[in-house]
Amino acid sequence: MSIPNLGFAPPEAGVPGFEIVGLATLHGRMRRPGELHRVAFHSLTLVTAGTGTRTVDFVTHPCRPGTLLWVRPGQVQRYGDLGTTDGVHLMFTPAFPPSFSGAEHLVSAWYGPVCHQLGTSPEYAVLATLLSQLRAEAARPPGTVSAEILGLQLAALLLHVGRLPHDRPRAGGDVYARFRAELERSYATVRRAEDYAHRLGYTVKTLTRACVAATGQPVKHVIDGRVALEAQRLLAHTDEPVAAVARRLGFSEPTNFGKFFTRRTGSTPGEFRRVHRPSNPSNEPFRYPAEPADA
């Protein structure tokens with residue numbers, strides 16, 4: 001069993017690459033609550049009523065009115081206790097926002113804050129208004145919905161989200177952004193800081209400065225952290241033997257992988273798997289009703 005991938009195939013999308021629905025509608029599409037999947041698109045959720053939970057890459061986020069969640073392509077999520085949550089759920093592909101909008105750096109980055117607790121702040125009111133405008137445009141009669149208007153409205157929404165306060169806004173600059181993009185492409189085969197520096201045309205010292213500014217950690221720690229995250233995903237959410245996981249992540253010997261994983265997480269791969277294995281081993285993802293069963 002591998003981690004199920006959920007592609008973008010919503011039944012109600014009037015514009016390719018974009019859909020916005022009520023959170024209750026999304027919950028109704030799930031075959032079973034608690035199913036996990038790796039998303040291949042962006043999803044933004046603004047909770048407006050009720051309480052529940054959502055787990056993204058082993059972090060469980062409490063959901064209540066004012067909770068904003070942004071799950072990015074490649075991340076693994078699980079809807080936990082759906083509770084009584086309602087709100088707005090926005091889904092879009094990385095190519096949907098116009099490239100000239102100024103929001104492309106937010107969309108192209110696979111990393112970033114997953115959860116903001118906005119409460120009843122002015123930021124919550126602004127984002128709720130922007131989402132209402134997106135829903136109104138998307139709900140126009142067929143043939144009258146403007147993809148251009150939706151794209152520009154989405155760009156405005158993302159730019160507002162991008163300036164919400166968090167620990168290190170935009171720290172690390174272009175150096176860190178280029179490094180993270182290359183890391184996402186190569187983490188399974190390249191683990192030396194010197195190799196990333198050579199590929200990108202920087203010195204290791206430059207990469208370290210950018211990583212410390214953005215994360216508080218040197219470049220080697222960032223590299224190892226990305227490898228460890230994928231190892232945790234594969235151990236917790238697949239049936240692959242530990243030796244196979246080690247090979248997928250570029251380790252020639254399972255013992256070397258075991259030492260690396262224990263050093264990074266404080267537990268052996270076997271211990272981690274026993275603790276985090278889901279109660280439902282089949283763990284099929286929820287699918288859109290219109291999507292073929294084997295898609």
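**Reading the fold**

Reply: Let's start with the sheet: five strands form an open sheet in the order S2-S9-S4-S7-S10, with antiparallel pairing. Strands pair if DSSP finds at least two bridges between them. Strands (E, at least two residues) and helices (H or I, at least four) are DSSP runs, numbered from the N terminus. One caution: this is a predicted model, where local features need pLDDT of at least 70 and side-chain atom pairs count only at pLDDT 80 or more, while totals for chains, interfaces and linings use all residues. Residues are numbered from 1 along each chain as its sequence is written, and side-chain values use heavy atoms, with hydrogens and water left out.

Me: How many bridges join S4 to S9?

Reply: Seven bridges join S4 (residues 42-49) to S9 (residues 86-92), and the two run antiparallel. As an example, Ala-49 has Asp-86 in S9 as its bridge partner.

Me: What packs on the sheet?

Reply: Helix H4 (residues 147-162) does, touching S2, S4, S7 and S9, and its direction makes about 115° with that of S9. Helix H3 (residues 122-138) lies across S2, S4, S7 (67-71) and S9, running at about 110° to S2.

Me: Which way do the residues of S3 point?

Reply: In a regular strand the side chains alternate between the two faces of the sheet. In S3 (residues 36-39), Leu-36 and Arg-38 point one way, His-37 and Val-39 the other, and all are buried. S3 runs antiparallel to S8 (residues 76-79), with three bridges between them; Arg-38 stands opposite Val-76 there.

Me: How many residues does the largest nonpolar core have?

Reply: Nonpolar side chains tend to be buried together in soluble globular proteins. A nonpolar core is a set of buried Ala, Val, Leu, Ile, Met, Phe, Trp, Tyr and Cys residues joined through side-chain atoms within 4.5 Å. Here the largest has 31 residues, and those with the most contacts inside it are Phe-179, Tyr-196, Leu-207, Leu-249 and Phe-257. The elements giving two or more residues to this core are H5, H6 (193-200), H7 (204-215), H8 (219-237), H9 (242-248) and H10 (254-265). H8 gives the most, with nine residues. Apart from this core lies another, of 27 residues, among them Leu-44, Leu-46, Ala-103 and Leu-150.

Me: Is Val-175 buried or exposed?

Reply: Val-175 counts as buried, because its relative accessibility is 18%. This residue sits in H5 (residues 173-186). Leaving aside neighbours within four places in sequence, Val-175 is in contact (heavy atoms within 4.5 Å) with Tyr-202, Thr-206, Leu-207 and Ala-210. The C-alpha atoms of Val-175 and Arg-209 are separated by 9.3 Å, though the residues are 34 apart along the chain.

Me: What about Gln-232: buried or exposed?

Reply: Gln-232 is buried as well, since its relative accessible area is 18%. You'll find Gln-232 in H8. Beyond neighbours within four places in sequence, Gln-232 is in contact with Phe-58, Phe-261, Thr-265 and Phe-272.

Me: What is the phi of Phe-58?

Reply: Most residues other than glycine have a negative phi. Phe-58 has a positive one, near 75°, and Asp-57 has a positive phi of about 50° although it is not a glycine. Asp-57 lies in the loop between S5 (52-56) and S6 (59-63), and Phe-58 lies in the loop between S5 and S6 too. Asp-57 counts as buried at 13% relative accessibility, whereas Phe-58 is partly exposed at 28%.

Me: And how many helices and strands does the chain have?

Reply: There are eleven helices and ten strands, and 48% of the 295 residues count as buried.

How values were computed:
Axes are lines fitted to C-alpha atoms, for helices over the stretch in contact, and angles run from 0 to 180 degrees between N-to-C directions. Buried means under 20% relative accessible area, exposed over 50%, partly exposed in between (1.4 Å probe, protein chains only).
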